[in-house]
Structures are given as C-alpha cells and as structure tokens.
Amino acid sequence: MEIGDHKEVPDDASEHCPGTQSEDAGKSDACAGCPNQEACASAPPNGHPDPNLVAVAERMATVKHKILILSGKGGVGKSTFAAQLSFALADMDYQVGLLDIDICGPSIPKMLGLEGQTIHQSNLGWSPVYVLHRSHVSRVLAPPPDADVTWRGPRKNGLIKQFLKEVYWGELDFLVVDTPPGTSDEHISIVQFLKETGIDGAIIVTTPQQVSLIDVRKEVSFCKRVGIRVLGVVENMSGLSQPVSDFKYLKRAKTRREEPEDVTERVLAVLREKAPELLGLVALTEVFDSTGGGAAKMCVEKGVPFLGKVPLDLQLCKAAEEGKSYFDRDECWISASALSAIINKLLKDNVMA
Amino acid sequence: MENGNHKEVPEDANEHCPGTQSEDAGKSDACAGCPNQEACASAPKGPDPDLIAIAERMAAVKHKILILSGKGGVGKSTFSAQLSFALADMDFQVGLLDIDICGPSIPKMLGLEGQEIHQSNLGWSPVYVDSIGVMSIGFMLPDPDDAVIWRGPRKNGIIKQFLKDVYWGELDFLVVDAPPGTSDEHISIVQFLKETGIDGAIIVTTPQQVSLIDVRKEVSFCKKVGIRVLGVVENMSGLRQSLSDFKYVKPLKNGGEEEEENVTERVMAVLREKAPELLDVVACSEVFDSSRGGAARMCVEMGVPFLGKVPLDPKLCKAAEEGRSCFAGDECRVSASALSAIIAKLLKNDTIA
C-alpha cells in the first residue's frame, strides 16, 4: 500500500486498479488476474469499518502512549535501547508494555532475560509475558523463537495484526514497539494498524557513521510520509569509553605470523608503580568516525530533535546479553548517565510524564 | 514458496492445495477462497521466462557467493566490499550486487555515491570502480534521503531486474550483498539463482550472543534452501588500538551536566616520561562479550566452517566510510591482515580459485 495516497493501490496490483477501498474493488474488469482480487472482493464494503482495526482500537483504548523505536540500519542498538527504555520507565512506576515486531530476528526476549518463555492464553486473550524487575512489572510480547525463518511479508503482517488484536495488554502508560531495521512490511503494517488509535511518535536510533546516518534520513522521510512525529534521534555507540584498568594489553608481535603476547599483568604493575593516577582514568576512542558531525548535525539539517549520545560500553553490552537493566549493574555507570539523560529529555520535551 | 518441496505450495495456501505448478492450480475445488487463486489460475505453466533470461546472463559468471547475516550492523556490507577489493586485487573479474533495497550501503562503501546506471544495447551497465562492476538500488534513487517503502513483491521485482537486465559480462565472482535476516529478498535471490548454481553463502556475525542466535537462523535457512555455508566470519572481534591513539578523561560518576576533563596531554607526558615502553602497547577491549566462545564455538556446534575473526578497527571503519580498500596502504594493518587470512582460507577451502 502506498500510504498517504488517496487511492490505496497495492504495489503488486494490476494496472487500472480501482483502489482497494473502491466499491469496485475486486470486481472490476481491471481486477482480473490481480493477486489481491480475492482479498478485495471479500473485504468489507467501503464506509464500513475494517473489523480488524476495530478490534485493535478496543485493545489500544487502555494504552496512553505508544512509541515506535526505529532505525534505518541494523545493529545500532535499537533493541538494547528499547529494552533499557522499558526498564527505566518501569522504574519510574509507569505501566509498560514492550512489543517486539522483529519477526525474523526478535532480540527482546534475550534482552529482558525471557528466553524460553511462552505466550499464554486467557479468557481475555493472549497474555504478554510479565517481567518483574526491582518490584516493577513490565509486559513483554515477542514472536516465538521457532517462528519459521522464511516468512514473506503477508505472513509477518498477519502475526503483527494478531499481536495487536488478540493480546490483552490491560492498562498501560507506555507501549514501546521495537521494530526491525528499515522501512518495509512490518513498519507499514504497524503504522496502518495503530494510526487510528494514535501513535505519539518514533525514536530513531543510529550510530555516528555516515553509512548509518544515510539510513536515518530515510527513516525520517518515512515518518514524515506516514505522518508519525519524530520524537528524537539517539546516537548510540558514540565512542568507546572504558576505564584504563579494564583493558587487556598486548605487545605487538614482530612478525605477522606470531600471536601478540598478553602483557596485561605487567602493564598494570608498571602503571601501579610508576603512574597510579592513570589507573582511575577512562580511555575514549571514536570507533565509528563522526567527523561528519554525527547525528547531532543531521538532526539540525532535518529539523528533528537530538536526544543525546550513548557511548559504547562493554558493561552495557554485558547487561543486555544477560537481560538486565543498566540500573542493576553499577559497572554500567558510563552509559547509565547518558541513557538517563536521554530518557528524561524525551519525557520532558514531549510532556509525556 | 517452500523451496525444495516437490509440490510448490505457498505458505498462505488452502489445505489440499494442488500446488502452484499443477494443471489444476487455481481451478480445483480446494482453491476456492485461497488468496493465490487468481494468480495460480492465470499464471503460465512451465518455466518462468524470466528465469531463462537470468540463466543466460549468469552463464558468463563462474562463481556466485551470497553474503548473509542474521543481524544487521555486523559489517556484512563492509565485508562484501572489502572481499570484492581483495578479489579484484588478485586480478579476478568481480561483480558486486547489492540487494538491500531499504538500506543500500554498497555505493558508499565503494566510493560511488551519486553515480547513475547507464543503459546500453546489451542491458543496464553496472557502475565500475577498480574494475569491480557494482549494482545497487542506491544508484537509482533521485534523492538519497528518499525512503524506499516497498512491500515484498516490488522488492522481488527489482532484484529480478538486477539479474536479468544487467549486462555483467564475464565474471569470475558475483558477490551478492543481502540485507540482514531471512525474508523476501533472500528467498527470491535463491529462487532466481538456484538453477544457475550458487557456490554458497558466507555468514557475517559479531561475537555477542544476540548476534549468534540470529546466525543459527541463517544456517537453518541455508540448509532449508539447499545453499552451502562456505563459512562464518566473526567481525568486531574486540577493539585493538595503541595506547597512544586514545583520548583520556577523568570520569564524572555523578552523571552531572559538566564536561569530563580531557587529560590526554598530561597522560601522554606522564607515559613518555615514566613508562615509555607502554606507548606502543596495544590495548584490547572485548566490547562485544565473547566469553561463551563466540562464533568459533557455534561453528563447531553447527558443523559449519569458521573462517576467522576481524577486529574492530577504527581505521577500517574510516576506509569503509570513504569507499576505500583496506588493503591499499598501511593504515588498516590490524584488520587487513585478518581479512586477508579469511579470504585466503575461503578460496583454499572451497577450491573456488
């Protein structure tokens, strides 16, 4: 579907398609041979509400705020951010739901420590998995890990629709939706299904590299095109920050064939003896080059808010792998203050708290 | 479509579907109400003429390698680009096909942004750099910020055109850079190329568990569609950088608004004076935790070859951003030798060259 066009014409429709909402949908001569003909002919006539959307609206009536987490490129830390955002909001005593619609590669179960959990049915519908964290409960829903890997678009859309229609979320302050990277079926579908019920906006996660920023611009274009507000951009992996005492140290090998020698013990001993003040310092390096100005500059150009930077923090990666909140690990202090600042800004700027 | 099944039955087909290639396709009683009915009833039986056209083009291509990743942002396109540079350096004729329709990274990584595709009487002409022929949707977008919001069928259409309408000429290698995951683009490229022979797939990952989970899905996909796994590459396998290349700051643990104090000059002075032997030591950070064994261990479990590790090298990131080969010059020392070893192993293992 081309969103925003008056006449809704599917991408694979026949020429002279009357539009899927037309009275002649599926019935006109032009429809013969179109792969959508059956679907169009049997869809409810124009003017009558799509029963699916009605069901979604009922479920979403008890959800105050809906936020999509997008990224142009994959592997930028979108799911990590979605998970940590959910932990943070739950800690502030909000009722939080976290929905993972990345069907081919759902990362949320691992990041919330929920691997192996299954979705239960109740008389109210499907039940999300409840995560207890520091006496705060979040509700999480993700595709099953054994979902067939080779699903084409229509089947993925079907599952997303079910997540919205059949799941009993209850009363939520926030529904955070973690999406796969890009702008395709899943994104078009989630917007189509949720738009009527109101989407507060989208947060776009990126890394500083130009190759990521190119794709963020496409996400911003997507949001503008489908009428979703960009709540802000987060620049993740914004430089590696690590205490000097946490590194391993290697001596360069003389030839390419030799393995470098691990000299960590000796280096730390030398530092302790000759320059102990260095051990308490943090070393920084710009892994992903941001000489182009990074995300902050791009935000100015595109007129969208910049929420902040999160450094590449070994301890945050570890926390994510273990399904923990960055609050739970004191060692995540490097990224924790950055994440907290970003989340506070998000809530303040958008009057959501 | 289930590849490898005798009877091709679409995933959303009715029970008792006779198969899309059957004489009764679309016409049997079981077909009533099936979303594919129209398509089946009107589709030609017998070989798809497009596949014939593709076979003709691919007759002059000796080896085809797919570059896959379960997760995004693991460095798959960077690897595809550098692999192409390396093969071209060895005097092979190389074609590089980018089938990531939503987020085409290849033009940037080969320094070809802004280039356009030209037509000749032989078909579409790839864009050449260093004698590598490159094709990507990136060359067809009037505005690089435009989002390509296409559903599956339309993406499949352009991939088909890349295979049937492009004049690749005689190639030793066609490297196909895929988007992450296992969806339309992957199913399509296998469908279109299988008849003409695919040598196999290389799967790129990072060491984190959350990436390795997705690699297993890629391996399953390959097994399911009958593509050989040539090997797995573990990218971003630890950051390695000289102590003298870092910046140093005094940490602020209270997460305040003040800037951290940059003490790099002082640190360098202290090291030069008190411990000059440390200046050339290489600091390593296992940013993406691989304490569970990383990709190498997973390869043993899954019975697929492990090709090697590439460290996170800021110089390689820069080369990629600027569209340069990491093998030119001495800057990318750390990663170039790792990549060379991996490529040599690939060619030797599979007696491809």
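The dialogue below takes up these features in turn.

Reply: A word on conventions comes first: this is a predicted model, in which local features need pLDDT of at least 70 and side-chain atom pairs count only at pLDDT 80 or more, while totals for chains, interfaces and linings use all residues. Residues are numbered from 1 along each chain as its sequence is written, chains are lettered from A and ligands numbered from 1 in the order in which they are written, and side-chain values use heavy atoms, with hydrogens and water left out.

Me: In what order do the strands of the eight-stranded open sheet of chain B stand?

Reply: Strands of a sheet pair through backbone hydrogen bonds, either parallel or antiparallel. Here strands are DSSP runs of E with at least two residues, helices are runs of H or I with at least four, both numbered from the N terminus, and two strands pair if DSSP finds at least two bridges between them. In chain B the order is 5-6-2-7-1-8-9-14, with mixed pairing. Strand 5 (127-129) and strand 14 (306-309) of chain B each have a single partner strand, so one side of each is left without a neighbour in the sheet.

Me: Which strand of chain B is joined to strand 2 by five bridges?

Reply: Strand 2 (residues 94-98) of chain B is joined in this way to strand 6 (residues 132-136) of chain B, and the two run parallel; within this pair, Leu97(B) stands opposite Met135(B).

Me: How much area do chain A and chain B bury between them?

Reply: The size of an interface is often given as the accessible area lost when the parts come together. Taken with a 1.4 Å probe and summed over both parts, the buried area is about 7,400 Å², with 56% of it on carbon and sulfur atoms. In chain A, the residues that lose the most area to chain B are Arg152(A), Lys218(A) and Arg252(A), together 11% of what that side buries. Counting contact as heavy atoms within 4.5 Å, 83 residues of chain A and 84 residues of chain B take part.

Me: Is Lys71(B) buried or exposed?

Reply: Buried means under 20% relative accessible area, exposed over 50%, and partly exposed in between, with a 1.4 Å probe and protein chains only. Lys71(B), in the loop between strand 1 (61-68) and helix 3 (76-89) of chain B, counts as buried at 17%. Among the residues it touches are Ser107(A) and Asp214(B). Gly73(B), in the loop between strand 1 and helix 3 of chain B, is partly exposed at 30%, and its contacts include Gly74(A) and Gly75(A).

Me: How many disulfides does the structure hold over all chains?

Reply: A disulfide is a covalent bond between the sulfur atoms of two cysteines. With a cut-off of 2.5 Å between the sulfur atoms, the structure holds zero disulfides. The sulfur of Cys326(B) is 5.4 Å from the closest cysteine sulfur, in Cys332(B), which is too far for a bond; Cys326(B) is also buried, at 1% relative accessibility.

Terms used
Buried area is the accessible area (1.4 Å probe) that two parts lose on being put together, summed over both. Lists of a residue's contacts leave out its neighbours within four places in sequence.
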